[in-house]
There are 2 protein chains.
Amino acid sequence: MESQRDEEAQQPLIDHDHQSTVSTESAPLQRSAINSTSQVALVGAKVCPIESLDYEIIENDFFKQDWRRGETVEIFKYIFMKWTLCFLVGVMGGLVGFFINLAVENIAGTKFVITSNMMLERKFMYAFGSFAAFNLGLTLFSAIITAFISPAAAGSGIPEVKAYLNGVDAPGIFSVRTLVVKIIGNISAVSASLYVGKAGPMVHTVSCIAALLSQGGSKKYHLTWRWLRFFKNDRDRRDLITCGSAAGLAAAFRAPVGGVLFALEEMASWWRSALLWRTFFTTAVVAVILRAFIDVCNSDKCGLFGKGGLIMFDVTSTNTSYHVADVPAVLLLGVVGGLLGSLYNSLLDKTLRVYNYINNKGRAHKIILACTICALTTILLFGLPWVSKCKPCPVDASEACPTIGRSGNYKKYQCLPGHYNDLASLFFNTNDDAIRNLFSKDTDTEFQPTSLLIFFVTNYFLGILSYGIVAPTGLFVPIIVTGASYGRFIGRLSGSRTSLNHGLFAVLGAASFLGGSMRMTVSLCVVLLEITNNLLLLPLVMVVLLVSKTVADMFNNNIYDIIMKLKGFPYLEAHAEPYMRQLTVGDVVKGPLQSFSGIEQVRNIVHVLTTTSHNGFPVIDGPPFSDSRAWFGLILREHILVLLRKKVFLHVPQPTGTGAFEQLSSDDFAKRGSGKADKIEDIEITEEEMEMFIDLHPFTNASPYTAGETMSLAKALMMFREAGLRHLLVVPKDSGRPPVVGILTRHDFMPEHVLGMYPHLENSRWKKLRLHLPKFV
Amino acid sequence: MESQRDEEAQQPLIDHDHQSTVSTESAPLQRSAINSTSQVALVGAKVCPIESLDYEIIENDFFKQDWRRGETVEIFKYIFMKWTLCFLVGVMGGLVGFFINLAVENIAGTKFVITSNMMLERKFMYAFGSFAAFNLGLTLFSAIITAFISPAAAGSGIPEVKAYLNGVDAPGIFSVRTLVVKIIGNISAVSASLYVGKAGPMVHTVSCIAALLSQGGSKKYHLTWRWLRFFKNDRDRRDLITCGSAAGLAAAFRAPVGGVLFALEEMASWWRSALLWRTFFTTAVVAVILRAFIDVCNSDKCGLFGKGGLIMFDVTSTNTSYHVADVPAVLLLGVVGGLLGSLYNSLLDKTLRVYNYINNKGRAHKIILACTICALTTILLFGLPWVSKCKPCPVDASEACPTIGRSGNYKKYQCLPGHYNDLASLFFNTNDDAIRNLFSKDTDTEFQPTSLLIFFVTNYFLGILSYGIVAPTGLFVPIIVTGASYGRFIGRLSGSRTSLNHGLFAVLGAASFLGGSMRMTVSLCVVLLEITNNLLLLPLVMVVLLVSKTVADMFNNNIYDIIMKLKGFPYLEAHAEPYMRQLTVGDVVKGPLQSFSGIEQVRNIVHVLTTTSHNGFPVIDGPPFSDSRAWFGLILREHILVLLRKKVFLHVPQPTGTGAFEQLSSDDFAKRGSGKADKIEDIEITEEEMEMFIDLHPFTNASPYTAGETMSLAKALMMFREAGLRHLLVVPKDSGRPPVVGILTRHDFMPEHVLGMYPHLENSRWKKLRLHLPKFV
């Protein structure tokens, strides 16, 4: 065995010499796949072409000229606008966060007040009827607007934003209609007592606002602003959307520092110091705005929006000292959280695949599915509390028992006066209130272990079943509430072996489950500290998160990566697969290469653009413009389209000089909104113009990134990801060959694609060795 | 004026056509500098060659073979060791942090107890005498060990670590002697009541521990461990040192999350998600260790180490609500902090230049300078409290007045019973206690405005004067204490116009001054929250930091960048200067290029290594090994030296195959500790061997990063920095030229170097336009 392995190691995985001699005849034997493995979404109805974004600075003569003409005042305008936009994103983020919470608290509050009043009068069937009617109506509304107006608004939105920041432009995720549906749909879905959260949708919402601002508003709805023209490029848009995602989380949890870290740890693929500062500014604005509104609401001007309005679980207690004896319980929580979290991810994956099958059958099926889940949830929420026995109110309760109002720890439900139903206190409430009840201190004996267990199991599965329905649904809150319930359950079981109070156990349980399914560390830690307002918890939360993440990482990926994979986004990981070290870029690059001459005939250009779908073309100069054939740079399809549309043509093939610049302004090259692009078919060119020429030189990026053909695929992947590239030119190492061997795009780095080309790697030791190792390395 | 500008803009900055035709004859006219502008330190006695680090993965056949032979168990060992090392760094960080605090509290405590007892007996001259003797003795000790044993231990150490993480290997910063001197010297300097901090040295200390662990201990002191061999490369070392710097700050302030953010925001030049997780783990260990020791000390087992042991200023107060009326005061603090901070940086810069002049005269001068500063400090500390009038103790004081013990808010000093001296409460204390007094709540009337003003002015200038002496000195604590004093002063002046308490003003003042001189945002914010244990301050601290950083950024750089510049570290900024967009890599690359053939004669290799100081050489194949001349890759000097030392020679020039691998193990290529490297002069080669050959192919990195010669310098800089490169191959765009044009190293990107080559850029609009703009963009 040992010797066999050694032999295997001695043989190269891919015999380059051999391959290069036979590749011309028998290439298909080795390379079997077409390059689209990752373009087909498993989840999400339509199979759309997913485009990459241009995060690279396109340095062509035109850009340089334009940049240099820019007066100092223009640059100050740009800087001023950059900060103003961040400020606006912060303000809007704060407003949206407040509005969603206000709406949910009032709608769900009204529902619970009406139902509770009927319960008080012991009209149980009426109560159930109205509860069910409310829930179904709201779910139906949410599902219908999502299915008919903007299917892209379904789900959390975090995977889409994360993919965008990685350079993947999924269609329709940043449109005005998505924004509106996301906000209204999420309010209805959450108010319908579905086990869905509002944090994820809020991240998407604020990112969407940032994207709309940066693309200069929406032309369709005549909301445009000329000053925003500076930001019509993918780089600035990406920066602003990063700020938006941070602001979204900050608004959801009132956690400004947590929001920054969330954007840094989970969302952004590309980061720099200046961005940290700007993100921080944005979330600071969110914090200030939220605080101002809460001040307003504290004087009872917001209807049913009370203390429950924004998650802020105050678990400050004098008893936060902990001892070595508490460590085993904390470690246990971490391990359990890791196991449950990875199981959760895997079940969610399976569920989404099944749902996809149903959803693909049409809108009616989607809506029926949503209503089924809603009905199931309603029945469980209303029915399960009857299982629990009524308990007499504790004598020393710190608040009214049983609770009269909408929120509180001791729900009366069907119980007699002086008694409360502990399961109803958890079930018959908004999720925010359930979390608050679970996190509350000095209530160690309030919840019976069986109630906690029932609550946990129900939540765990309802959370999995609810995410995939056709409505804007988040994951954070269901995960927190589920984690808190088993945390408290374990606390109850530990009994006197630990001195930690059960509210603390609930917080740690939430931490462990979050760590197990979302796999963030620092950001979750800070978010939890900010929402519980207790810094002394820090070391315990850190330990729990580290343990649960480590355990869970052994089994599968984090939940957003799983969803992104299901959606078919070609996400570039930050690490390379081990077998990629054994392949060179020459092994994956394919011909024939389409290229242009520096001065090219319009007919050729139109022909190539019509017959291929490439987005970047190398420009190669030959005599008489250069001594020998040499690559000049890379030109983007969309820039060529601008030249064709503006008809920057020449009658004779000779360099234009600066004449061409007069015809064009930098606005012509501005990147349009997500998913919108010119098409070659829409440009009319006369037969006479077809015979003319275009000088591509001034519009060609003369500084493209290049890789020698023997660079390992792993290293090229790192460069591609670190520099945020869309195209990577592969150049030969020797002279006497065409100056460009090929172009790599993000699809060429996808493991599915590479393994499709070299299926034997699938079974090689390098594949097996993986074992999720890269994550630990 | 306007038209002239336009004309200027139309003309290219550098006329490439013109230049390329004349460059062969008249190059010196355009390019005037030698490439060493940034290698000469202004501060720091010896002018040492500063080497770059290899953060790039060297992918040669030998590495690939070695990696593939690695069994799964080896990989698990590697992962296990990676986490074990982080754990060890955390443990050692916690221990060092605790030990330094314990020592300072006990030494300084003893000093203050003895002096105070004499004061109580009204023996003022004796008190002064013993105070001065203590201080001078401790300063002398610190200065002598620093000057004679390890000059590299002087100062904060943060700039050195930051430069290391950027890829600059300053000599001697990570040696055992530096570690020892840093710890002991810092304890003495801080105990001597000098206005120096312990946070910076702690960051350096723990980074140093991390570096020593990763280089497998110290051979010199026979402290080595075989398992550590995995980490003998610059990449793993860098990762561990990043964890170390985070652990250092976490230990200094008991701020684990702040430590992580500090490493991310200020220290690291290169970051990835996995590192965030590991850093977080390290600081969590630090937090747990510190907590354990504090539990031990709470039962009075640590001598004079009391509550003051570790900075943990509990300013939790019920009155942390704030209103719109408080905003002007907060903004004022931010602006003042920004102005004072940038002035501080500029004065420190000037002071260090003067000190450098003195220090260069020899060790005696250095030590005399240190003693002078100590004498000045002692006189001010002892003398200034006499200026202040004694105040009667407040009736409702929450603690004993006047203070009997060592720490407390109401120092008796020379006053009569029942009275206290407010200036002595600030001056005649450790800095930590002064901060605690300033941050304390419910003491709004304790300090008179004049006392606060005197304290602020003294601190401001003593802080500037003390940093540059020959001792391990930090910047954090002096800046916090200075900031807190003017914060409280402004609070006192605001009077009834704001409802914020003065302790809060002190915290915000500290934030503003930190923001103004260190220019961090998120990390400082979190550190301040963690040390004050009050999350409700968050929005105010955020606003203050943002304002002060913005104001200060208009004037100069952050303090660490200034010190790095003075020390001559070729630090690669994350942004490019505007004029770099107008230059191509071809404009800065220089010939003649030294290169090797794939199979090269030993004599040639030895000749080139002896006559040049380059660290990387392109390997270029020609016939018969390749059809035409082609570059094969890049080989490092240190790898060639290994081959020479191991005498991997061939009698005839033919490829070796795998035979060469038998002679070598990967340990041979292990990177040695900082500053240590083989020298060509130390390798003895016989005349017969000189005639032999070496096959360089298996040891050549066949995946070097390349740039086309027309890539703009700005873009190449981004690539260089983002990928953490040491060498960048410049390749021609056309065939018919040598396959490699030149090699770029970090020195080629230094603004001083580029401006030295093209002096006219200095006066061009592009230089002036700078205006610190890149920081805002």
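## Salt bridges in the model

A total of 34 salt bridges is counted over all chains. The structure is a predicted model.

A:Asp236 and A:Lys82 form a salt bridge through their side chains, with an N to O distance of 3.5 Å. The two residues belong to distant parts of the chain: A:Asp236 is in helix 9 (residues 234-253) of chain A, A:Lys82 is in helix 4 (residues 72-120) of chain A, and 154 residues separate them. Both A:Asp236 and A:Lys82 are buried.

## Two pairs involving helix 26

A salt bridge also joins A:Glu687 to A:Arg603, and their closest N and O atoms are 2.5 Å apart. Because A:Glu687 is part of helix 26 (residues 687-690) of chain A and A:Arg603 is part of helix 23 (residues 602-611) of chain A, this pair ties together parts that are 84 residues apart in sequence. A:Glu687 has a relative accessible area of 52% and is exposed, whereas A:Arg603, at 31% relative accessibility, counts as partly exposed.

In another salt bridge, the side chains of A:Lys647 and A:Glu689 meet at 3.4 Å, N to O. A:Lys647 lies in the loop between helix 24 (637-646) and helix 25 (659-663) of chain A, while A:Glu689 lies in helix 26 of chain A, so the pair ties together parts that are 42 residues apart in sequence. A:Lys647 counts as partly exposed at 29% relative accessibility. A:Glu689 has a relative accessible area of 15%, which means that this residue is buried.

## A network of three residues

Salt bridges also link A:Lys162, A:Glu266 and A:Asp561 in a network.

Key. Residues are numbered from 1 along each chain as its sequence is written. Chains are lettered from A and ligands numbered from 1 in the order in which they are written. This is a predicted model: local features need pLDDT of at least 70, side-chain atom pairs count only at pLDDT 80 or more; totals for chains, interfaces and linings use all residues. Side-chain values use heavy atoms; hydrogens and water are left out. A salt bridge is a side-chain nitrogen of Lys or Arg within 4 Å of a carboxyl oxygen of Asp or Glu. Helices (H or I, at least four residues) and strands (E, at least two) are DSSP runs, numbered from the N terminus. Buried means under 20% relative accessible area, exposed over 50%, partly exposed in between (1.4 Å probe, protein chains only).
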